[in-house]
Amino acid sequence: MAEVEVVVVAVRDIFQDEAGRKSLFSEEYKSLSALIILDKQDMAGLAVKDGDKLLAKNDAGSIVVAARASKDDAKEAHPGLAFMCSSPWYNQLVSDDSCQGSVKATLAPTAEAITAISEIQARMKS
Amino acid sequence: MAICTGCSLLCEDIVASFENGSLKHAKNLCRKGHGHFQAAFTERTRPMIDGEQVTIDKAVERAAEILKSAKSPLLYGWSNCTEEAQSEGIALAEKLGATAEATIACTTSFCEGILMERVLSGKIETCTLDDVRNYADTSIFWGSDPSSSHPRHLSRFSYYPRGEKRQRSYEEERTCIAVDVRRSPTAQLCSNYYFRLPPGGDLPFMEAILAVLDGKIPKVADKKKMIELATVLKKTEWGAIFPGPGLIYSLQDKMELFEQLLARLNEITPFKVVPMVADCNARGFNELLFEKTGHASSVSFNGGSAAYGPEHSVLAAAKKCDAVLAIGSDPLSELPIGTARALAHQPIIAIDPRRSLTTDAAKVVIPSALIGLEAGGTAVRMDGVKIKFEPVMNSELLTDEQILARIMEAV
């Protein structure tokens with residue numbers, strides 16, 4: 001199965017922020033947080049389209065998120081560089097000794113369900 | 001008029017009315033602020049011990065017992081509390097530190113605190129946002145994206161308003177520059193002066209600016225664009241830089257080059273710095289702790305003295321703490337998984353108006369009044385301007401300050 005190595009940068013999004021303020025436990029917040037924005041080349045390399053699920057993993061942990069292609073045009077292509085909103089989902093990939101601003105991760109297509117907030121809560125208690 | 005405590009701009013021109021437990025009408029709220037006001041009506045907490053609802057008195061009493069018996073408590077958060085509550089919190093940490101090692105830290109200890117400490121110590125020149133509105137003809141958003149994080153920054157202060165010396169505003173007189181790893185919503189507005197950097201590319205970019213300001217050829221691919229940037233910087237009459245997490249994470253402990261760049265720019269023209277702290281009163285906590293200890297975001301009190309350094313950071317404290325007081329933040333949502341897991345295995349006292357990952361994992365939950373909506377007090381805007389506010393909704397809930405005062409009495 002195809003795998004791609006990326007640097008995931010934490011970003012802010014006003015819609016995700018608003019959703020989180022209303023409820024961290026809502027489907028809306030999950031759909032905007034468990035989402036990774038990828039360059040079109042990386043989408044092609046993984047053979048995924050918008051909405052397909054990806055397992056993102058590194059030494060800190062793993063998470064299943066939805067893929068979405070970046071809207072940047074070819075002139076601003078950014079293969080190997082991905083973006084996720086700061087959230088409990090992103091933080092699953094952040095180790096204590098790494099910078100919180102960006103992390104390295106390996107992505108691969110998966111049939112697993114997008115990680116639920118309840119699963120993240122259970123991991124913290126494990 | 002209400003104050004919006006949704007971010008560190010603390011917008012003072014909010015008109016809001018409430019009816020039957022919901023926000024009926026609102027004027028001047030941004031999308032983020034609207035979410036913040038609506039939050040007053042959903043997922044409110046109740047006093048709990050071990051998942052069972054109790055009286056507020058019982059919850060406060062249990063919280064005090066946990067803190068009193070702890071050998072190394074961590075008091076974390078604070079960025080969404082009033083200054084009055086923050087002062088009470090620092091006093092509580094000092095009191096606990098008389099017989100234990102009590103670490104107190106705010107959310108900026110991971111990011112903006114390092115820069116804020118330099119601003120508060122006078123190493124970096126700063127200004128108010130009112131100065132920016134009145135005088136700035138160049139604003140640089142470096143690793144920051146106010147359109148997403150502080151949505152009214154550009155309209156109230158940095159780009160669109162007609163200031164005292166900037167009547168022709170964005171149409172003719174103001175230039176916005178974005179330096180970022182992505183074409184953020186703010187970068188889209190600054191399309192002529194958007195500089196895309198790879199992650200960690202800020203140091204080479206600063207070196208290139210310094211080179212071109214000194215008439216040397218910069219070591220970058222697009223030399224022409226860099227020379228254009230230098231021309232804008234040299235022609236600037238009054239400039240402001242708004243560093244965000246992107247720049248601060250990139251620099252980490254290498255702030256000297258940024259200071260060198262600021263010194264060089266200020267030889268040419270005034271350039272001020274306003275760190276883009278996120279939470280509504282993060283700067284307030286930074287100022288209070290700095291005034292008390294000389295450090296802005298994290299210290300340990302032990303035996304009457306305050307210690308600072310990596311061994312007293314949140315990450316270090318999380319690994320050795322035996323009790324956690326979380327207030328004004330949701331650490332289990334916001335911190336790396338390893339740190340969050342370490343905290344979740346300790347007895348957590350969560351003082352929070354609303355349900356969060358931290359309240360769900362807490363041993364003791366103490367509901368509090370929402371700052372700005374149900375609780376009045378003082379907060380410090382991102383630029384250091386103090387803003388006092390009154391509550392705009394009636395509430396019988398205790399404020400953070402009142403809860404902390406009761407815990408303080410009991411420990």
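This is a predicted model: local features need pLDDT of at least 70, side-chain atom pairs count only at pLDDT 80 or more; totals for chains, interfaces and linings use all residues.
Residues are numbered from 1 along each chain as its sequence is written, chains are lettered from A and ligands numbered from 1 in the order in which they are written, and side-chain values use heavy atoms, with hydrogens and water left out.

The interface between chain B and chain A buries about 3,600 Å², of which carbon and sulfur atoms give 54%; buried area is the accessible area (1.4 Å probe) that two parts lose on being put together, summed over both. Of the area that chain B buries against chain A, 18% is supplied by B:Arg31, B:Ile337 and B:Leu357, more than by any other three residues. In terms of contact (heavy atoms within 4.5 Å), 48 residues of chain B and 37 residues of chain A take part. Across this interface, 23 residue pairs are in polar contact, both residues being at pLDDT 80 or more. A polar contact is a pair of N or O atoms within 3.5 Å; within protein, one must be able to donate a hydrogen and the other to accept it, and residues adjacent in sequence count only if both atoms are side-chain atoms. Elements giving two or more residues to the side of chain B that touches chain A include α1 (31-38), β9 (194-196) and α17 (337-344) of chain B. Helices (H or I, at least four residues) and strands (E, at least two) are DSSP runs, numbered from the N terminus.

Side chains of opposite charge can pair when their charged atoms come close. With a salt bridge defined as a side-chain nitrogen of Lys or Arg within 4 Å of a carboxyl oxygen of Asp or Glu, the whole structure holds 35 salt bridges over all chains, and six are found across the interface of chain B and chain A. A:Asp72 pairs with B:Arg196, the closest N and O atoms being 3.1 Å apart. A network of salt bridges links A:Asp72, A:Glu76, B:Arg183 and B:Arg196.

Within chain B, B:Arg118 and B:Glu259 form a salt bridge at 2.5 Å, N to O. B:Arg118 lies in helix α4 (residues 113-120) and B:Glu259 in helix α13 (residues 256-268) of chain B, so the pair ties together parts that are 141 residues apart in sequence. Burial is assigned by relative accessible area: buried under 20%, exposed over 50%, partly exposed in between (1.4 Å probe, protein chains only). B:Arg118 is buried at 16%, whereas B:Glu259 is partly exposed at 21%. A salt bridge also joins B:Asp137 and B:Arg166 (3.9 Å, N to O), and both of these residues are buried.

B:Thr293 belongs to helix α14 (residues 282-293) of chain B and is buried, with 19% relative accessibility. Its side chain reaches the backbone nitrogen of B:His295 at 3.1 Å. Apart from neighbours within four places in sequence, B:Thr293 contacts B:Val299, B:Phe301 and B:Ala306. B:Thr82, in the loop between β5 (73-77) and α3 (83-96) of chain B, is likewise buried, at 7% relative accessibility.
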